[in-house]
Amino acid sequence: MEESRKCDQANGRADPSQPDTPCRFFQVLLIASTFALSWVGMMVVHEFGHVLFAWASGGMVARVVLSPLEFSRTDLQKNPHPLFVAWGGALVGTVLPLGISLLWRAFRWPAWYVLQFFAGFCLVANGVYLGVVSFMANAADPADLMREGAPQWVLVLFGLVAFPSGLFLWNRLGTHFGLSEARGRVDRRVAIAVFFVLVAIVAAEILTYAG
Ligand SMILES: [Zn+2]
């Protein structure tokens, strides 16, 4: 009983003059689940971009490898436009989450800040992937892009735009995750929902794992 009353206070429903008794469990759950969901979700949207661009250009997908424990990839059976398909991952992988997050926020739908964190994560991750990893040998997408004729400066420019845009989206989200003046208060329902979405995606990846 005592614990549930404390957690209700942590949800901000209690009298604000009461002593602050945040329920840190839900804050940790929300932050950890949001990070993990961003990691697996980023790879799902990125591979979706390759698949979409392959279909749009007459290619044929052999398989998509998605796992929470390894880097994702899309293998193609037929790929008449490899440069176009190579761009699909990073382009769709950043623009789609950004668009959904802006829409979500505009309508003030629940947990918009989780979507906005996710969009920022996708921009940061894809930006680092193309901009920084392009300097490494045999780096999947950057290597494919450059082999097919994309100049490296374009990849670096993509990184220079995407990375700070991602950081910008993260700006001021902290209080929604119980940081600073929120003092551990988060929306418990959001924490639980994000956790279950994460579990569902990881379970689907494990069950359909194609190695
Ligand atoms: Zn890729």
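Helix axes in this report are lines fitted to C-alpha atoms over the stretch in contact, and the angles between them run from 0 to 180 degrees between N-to-C directions.

## Overall architecture

The model described here is predicted. The secondary structure of the protein consists of 7 helices and 2 strands. Along the sequence these elements follow the order α-α-β-β-α-α-α-α-α.

Of the 211 residues in the protein, 34% are buried. Among contacts between residues at least 6 apart in sequence, 69% link residues that are at least 24 apart.

## The strand hairpin

Strand S1 covers residues 60–67 and strand S2 covers residues 70–78; the two run antiparallel and are joined by 6 bridges. Together S1 and S2 form a hairpin, with 2 residues between them. One of the pairings involves valine 65, whose bridge partner in S2 is arginine 73. In general, the side chains of a regular strand alternate between the two faces of the sheet.

## Packing of H3 against H4

Helix H3 spans residues 82–106 and helix H4 spans residues 112–131. Their axes lie 8 Å apart and the helices pack at an angle of about 160°. Because angles over 145 degrees count as roughly antiparallel, H3 is placed in that class relative to H4. The crossing of these two helices is left-handed.

On the H3 side, the contact is made by Ala90, Gly93, Thr94, Pro97, Leu98, Ile100, Ser101, Trp104 and Arg105. H4 contributes Trp112, Leu115, Gln116, Phe118, Ala119, Cys122, Leu123, Asn126, Tyr129 and Leu130. By class, the residues of this contact comprise 13 nonpolar, 5 polar and 1 charged.

## Packing of H2 against H4

Helix H2, residues 24–56, also packs with H4: the two axes come within 9 Å and cross at roughly 60°. The helices are therefore oblique to each other. H2 passes H4 in a right-handed crossing.

The contributing residues of H2 are Thr34, Ser38, Gly41, Met42, Val45 and His46, and those of H4 are Val114, Phe117, Phe118, Phe121, Cys122, Ala125 and Asn126. The contact of H2 with H4 contains 8 nonpolar and 5 polar residues, and no charged residues. Phe118, Cys122 and Asn126 of H4 take part in this contact and are also listed in the contact with H3.

## The surroundings of valine 194

Valine 194 belongs to helix H7, which extends over residues 188–207. This residue counts as buried because 24 C-beta neighbours lie inside 10 Å, and the cut-off for burial is 20 or more.

Apart from its neighbours within four places in sequence, valine 194 is in contact with Leu30, Ser33, Thr34, Leu37 and Val114. Valine 194 and isoleucine 31 are 163 residues apart along the chain, while their C-alpha atoms are separated by 9.5 Å.

Terms used:
Residues numbered from 1 in each chain as written. Predicted model: local features only at pLDDT ≥ 70, side-chain atom pairs only at ≥ 80, totals over all residues. Helix = DSSP H or I, 4+ residues; strand = E, 2+ residues; numbered from the N terminus. Buried ≥ 20, exposed ≤ 12 C-beta atoms within 10 Å, placed from the backbone. Contact = placed C-beta atoms within 7 Å. Pairing = 2+ DSSP bridges. Parallel < 35°, antiparallel > 145°, perpendicular 65-115°, else oblique. Left-handed = near helix turned anticlockwise from the far one by under 90°. Nonpolar A, V, L, I, M, F, W, Y, C, P; charged D, E, K, R; others polar.
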